[in-house]
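Here is a short briefing for someone meeting this structure for the first time. Look it over, then read on by topic.

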Amino acid sequence: MTQTPLKFYVPEPSGRPGQATDFSYLRLQPAGAARKPPIDIEPYDTRDLAIGLIRVLDDQGNAQGPWAEDPPDDELLRRGMRAMVKTRIFDARMVIAQRQKKTSFYMQCLGEEAIAIGQSLALREGDMHFPSYRQQGLLIAQDYPLFDMMCQIFSNDQDPLKGRQLPVLYSVPEKGFFTLSGNLGTQMPQAVGWAMASAIKGDTRIACGWIGDGATAESDYQTALLFAHVYRAPVILNVINNQWAISTFQSVAGGEGITLAARGIGSNLASLRVDGNDFLAVHAVSRWAAERARNNHGATLIEWVSYRAGPHSTSDDPSKYRPADDWSRFPLGDPIARLKQHMILRGIWSEPEHQELQKACEAEVVAAQKKAEAHGTLATGRTSSVATMFEDVYKDMPAHLRRQRQELGV
């Protein structure tokens, strides 16, 4: 009997340079079509929401469906718009700074601004985020000083982290922003562990973990799902499916033929798949998941469907592996443009107001950059003092470190 030879399969994206992407693999649903369950729903009963797509804003900017029934107030929408615009301008200025050799590295969140900012505005002070490296919006939404962020990026003499972290790997625990790690995936079990500790202490604070589609292939991610399920940890596990992990398409991490949210069902977690470019959907779902966690109903896994509009980092050239016009063709659009359209329809915003906001944010970012650069950049060589490498390890510096510091003349 003749046996058919085995074939090794490697997933491929539906678009490459010179070939327009077929986005039908996203399996979109109309805005308002997804149901909104009670917060105490059994995890297995969310399976339709794990393979569907929760959307609030339709193509005309109208809010639709049950997730739009308790909309954010006008002031919150303005705060969200301001934070998204400021984040995008901040990113653009820092990319230019890297090209000018003022810093070695930068990673922007272009096209994904609504996810971190929408969730940040749905949570309470004291809740803790364990982010990945595209969640700068968590800090900007809370008005953390741009000056401090820039000094960390430039590793200058005002760097809050004293030059000990790569650019964009912030650490701001007072704003609920846990120290960023370059080792992807580690933040997810850390988030679950922090949430478990909060429950053990009888606290009221919850945790949020953040990970990209590519890093869900890490074993740390599976560990986080297991512990979140077993101990019903009060945690929100955010998976940002922006379609690309550097040059690797999301299907290589297991997103082909099934959604990333569906993995949560197998781990007995309430699991939702959401339009991450829809600010209203992000805020509504984040608030739902937070209420579920605070009321001891367990963790929620959320897959945010978005698109990484820019390069993976300033070291990347995405035109080598995907169509250059992909973002302009992405069916879920631009989160800022979509929220602006909704706010104008709602009568609380206008095109002139939007232009004024952009000018004001640009001025704020430029002023912070000038102030930060006055304390040094990589280009000027005026960086964080070498002397700091000997500090903050021992209460009393041992003799061998004192000798080494003296040898360096610092």
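**Salt bridges**

Glu-351 is partly exposed, with 35% relative accessible area. The model is predicted. A total of 25 salt bridges is found in it.

- Glu-351 pairs with Lys-340 in a salt bridge, and their closest N and O atoms are 3.1 Å apart.
- Lys-340 sits in helix α11 (residues 335-346) and Glu-351 in helix α12 (residues 351-373), so this pair ties together parts eleven residues apart in sequence.
- One network of salt bridges with shared partners takes in Arg-55, Asp-59, Asp-275, Asp-278 and Arg-338.
- Another salt bridge joins Lys-86 and Asp-143, with 3.9 Å between the closest N and O atoms.
- That pair links distant parts of the chain, 57 residues apart: Lys-86 is in helix α2 (residues 74-99), while Asp-143 is in the loop between α4 (136-140) and α5 (146-154).
- Are the two partners buried or exposed? Lys-86 has a relative accessible area of 5%, so it is buried. Asp-143 reaches 57%, so it counts as exposed.
- Glu-113 and Arg-88 also form a salt bridge, at 2.9 Å from N to O.
- Glu-113 lies in helix α3 (residues 113-120) and Arg-88 in helix α2; the pair links distant parts of the chain, 25 residues apart.
- Glu-113 and Arg-88 are both buried.

**The sheet**

- Which order do the strands of the open five-stranded sheet follow? The order is β1-β2-β3-β7-β6, and the pairing is parallel.
- At the edges are β1 (128-130) and β6 (270-275), each pairing on one side only.
- Neighbouring strands are turned against each other by 20° on average, direction ignored.
- Strands β3 (residues 235-241) and β7 (residues 300-305) run parallel and are joined by six bridges.
- Ile-236 has Thr-300 in β7 as its bridge partner.

**Helices on the sheet**

- Helix α9 (residues 279-294) packs on the sheet and touches β3, β6 and β7. The direction of α9 makes about 170° with that of β7.
- Helix α3 lies across β1, β2 (207-212), β3 and β7. Relative to β2, α3 runs at about 175°.

**A nonpolar surface patch**

- Leu-226, Phe-227, Val-230 and Tyr-231 make up a nonpolar patch on the surface. Together they have about 390 Å² of accessible area.
- Val-230, one of these residues, belongs to helix α7 (residues 219-230).
- With a relative accessible area of 47%, Val-230 is partly exposed.

How values were computed: Residues numbered from 1 in each chain as written. Predicted model: local features only at pLDDT ≥ 70, side-chain atom pairs only at ≥ 80, totals over all residues. Heavy atoms only, no water. Salt bridge = Lys/Arg side-chain N within 4 Å of Asp/Glu carboxyl O. Helix = DSSP H or I, 4+ residues; strand = E, 2+ residues; numbered from the N terminus. Buried < 20%, exposed > 50% of the residue type's maximum accessible area, 1.4 Å probe, protein only. Patch = residues over 30% accessible without salt bridge, like charges linked within 9 Å, V, L, I, M, F, W, Y side chains within 5 Å. Areas by Shrake-Rupley, 256 points an atom, 1.4 Å probe, with all protein chains shown as cover. Pairing = 2+ DSSP bridges. Axes fitted to C-alpha atoms, helices over the stretch in contact; angles between N-to-C directions. Contact = heavy atoms within 4.5 Å.
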